[in-house]
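Thank you all for coming; I would like to walk you through one structure this morning. Please look at the sequence and the model together while I talk.

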Amino acid sequence: MSESTASQFCSEPTTHHVSLTRDCSNYDELTDLKEQLIIKKHSYRQQYASIYYVRLLKLRAAVLTASKKRWGSLPENPTYVEKILDIQVDKLCFMIGTVYLEMPAKPNVMKDLQDEDSIIKPETPAKYKSDNDIVSLEDESGRVEISGTCLSKEFLVTGMVVGILGKEIASGAFEAIDICLPGLADQDPLPETNHDAKYVALLSGLNIGEENGLDMRIELLSEFLTGELGSSLDQKSSSTISRVILAGNSVAKPNKTVDLKKPKKYGYDSSTFNASSMIQLDEILEEICSTVDVDIMPGPTDPAPLHIPQQSMHPSMFKNAHKLSSFHSVTNPYWCEIDGVKFLGTSGQNIDDIYRYIESTDRIKMAEICMYWRHMAPSAPDTLWSYPFQDNDPFIIEKSPHVYYIGNQPQFEDRLLVGPDGQKIRVILVPSFAKTGIMVLVNLKTLECTTVTISDHGIQPMEDLMDQS
């Protein structure tokens with residue numbers, strides 16, 4: 001072989017190597033908001049009525065302000081009726097209360113008890129909405145049925161607090177003319193910064209354990225996040241990711257194994273459950289946490305209580321990863337602040353439940369409307385399992401986040417909400433990684449989103465990401 005041919009394959013040794021360091025971000029766990037989501041005493045003897053009362057009490061002022069601004073200049077000069085039962089027939093007025101939807105298709109525990117099959121596995125329809133639904137508004141004094149053509153134009157969900165303009169008709173129902181929402185809450189301004197673009201990676205639905213063995217895409221994801229995969233450009237892009245958030249369903253729903261040869265054991269038998277998916281997740285997290293901070297939220301299929309707020313998964317489940325200071329097991333929903341950018345996210349149960357109430361299939365709009373409701377889960381505790389809080393409702397949004405993300409959605413979507421007082425909220429639907437291979441990256445400087453698609457063949461070109469930097 002000639003010397004020129006050999007030089008095509010070999011080069012002289014060099015001591016010059018490019019060293020990449022990962023950009024770090026300032027992190028704030030927002031202690032006050034975090035504490036509201038932590039259940040300190042697990043007691044279920046109290047009634048759920050208290051959470052509705054607190055919700056109405058806290059949101060009434062915002063709805064009243066918005067209602068007066070919306071209807072105050074009308075020539076009919078509608079009056080505000082403080083108590084629903086004080087409305088008068090054929091007199092234009094507006095009132096504030098909590099929406100309740102009586103829906104025949106909605107799960108009913110009393111109805112389920114009549115059917116033995118439903119006790120074992122209650123059926124949940126794809127949609128609760130039907131032509132036989134009855135809309136009501138209630139407050140501390142009582143409840144009144146609502147009618148009117150404007151109802152079909154609104155996204156109505158049990159538990160939302162609204163103002164309704166209209167008049168009582170002879171039948172005793174209140175005929176609605178218009179509906180007013182609380183509107184976007186105030187927002188802290190985004191910090192001004194001159195640093196290079198840094199990113200937060202949003203993932204959901206890893207579903208480790210759904211298939212035998214570890215999915216190749218999960219391994220490629222781990223290598224990409226740790227900077228071991230791709231070209232030098234990909235590695236440089238990876239180094240700009242300062243934090244990773246896993247928004248639920250990190251492991252697949254466990255399958256119960258039945259050994260017919262073993263004697264039957266009554267009560268809980270830990271040997272009937274396979275823990276291999278958690279072991280695999282722990283190994284992956286240990287690799288990723290060796291180079292970047294990771295926040296892991298529980299989801300419907302993860303080993304955590306199903307009612308919201310889901311408490312953080314116990315560190316002991318992560319034998320190796322929990323030893324690293326970069327591993328953080330957090331709640332669902334989850335608030336945090338990264339480089340002055342306030343994040344709020346859920347693992348998707350709230351939007352999945354809202355979806356059942358509404359005829360539309362526009363999930364990004366459902367996520368947006370939560371910001372205008374100032375509430376992330378109004379259907380809790382009616383159809384979305386929730387802890388019976390007595391003195392607070394931790395799902396109220398008193399300050400608008402800068403980023404609101406929803407995990408485990410069918411596809412990626414994002415939209416920028418701009419409020420009347422300068423609020424800017426990036427709303428993001430994060431798809432299941434197991435189904436789409438998509439990771440969402442949020443630019444902390446501009447709030448712009450980009451996606452990285454990981455398949456069995458590798459990752460998509462990263463030029464677009466570097467152009468945004």
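Lys-167 is partly exposed, because its relative accessible area is 28%, and on the scale I use here buried means under 20% relative accessible area, exposed means over 50%, and partly exposed lies in between, with a 1.4 Å probe and protein chains only as cover. Please keep in mind that this is a predicted model, in which local features need pLDDT of at least 70 and side-chain atom pairs count only at pLDDT 80 or more, while totals for chains, interfaces and linings use all residues. Residues are numbered from 1 along each chain as its sequence is written, and side-chain values use heavy atoms, with hydrogens and water left out.

The side chain of Lys-167 meets that of Asp-90 in a salt bridge, at 4.0 Å from N to O, where a salt bridge is a side-chain nitrogen of Lys or Arg within 4 Å of a carboxyl oxygen of Asp or Glu. This pair links distant parts of the chain, 77 residues apart, with Asp-90 in the loop between β2 (79-80) and β3 (93-102) and Lys-167 in strand β6, residues 161-168. Helices (H or I, at least four residues) and strands (E, at least two) are DSSP runs, numbered from the N terminus. Asp-90 counts as exposed because its relative accessibility is 54%.

Lys-58 and Glu-398 meet through their side chains in a salt bridge of 3.7 Å, N to O; here the two residues are 340 apart in the chain, with Lys-58 in helix α3 (residues 49-71) and Glu-398 in the loop between α10 (363-373) and β14 (403-409).

Asp-188 and Lys-399 also meet in a salt bridge, at 3.0 Å from N to O, and they join the loop between β7 (174-180) and β8 (199-203), which holds Asp-188, to the loop between α10 and β14, which holds Lys-399, across 211 residues. Asp-188 is partly exposed, since its relative accessible area is 31%, and Lys-399 is partly exposed as well, at 39%. Together with Lys-342, these two residues are linked in a network of salt bridges.

Let us turn to a strand. Is β17, residues 438-443, mostly covered or mostly open? Strand β17 is mostly covered, with 6 of its 6 residues buried: Ile-438, Val-440 and Val-442 are buried on one side, and Met-439, Leu-441 and Asn-443 are buried on the other.

Which strands pair with β17? One is β8, which pairs with β17 in the antiparallel sense over 4 bridges, and two strands pair if DSSP finds at least two bridges between them. Within that pairing, Ala-201 has Leu-441 as its bridge partner in β17. Another is β18 (residues 449-455), again antiparallel, over 5 bridges, with Thr-453 as the bridge partner of Ile-438. The strands β17 and β18 form a hairpin with 5 residues between them, and Leu-447 in the turn has a positive phi of about 65 degrees.

Leu-417 stands opposite Ile-425 in β16, and among the 5 residues between the strands, Gly-422 takes a positive phi near 90 degrees.
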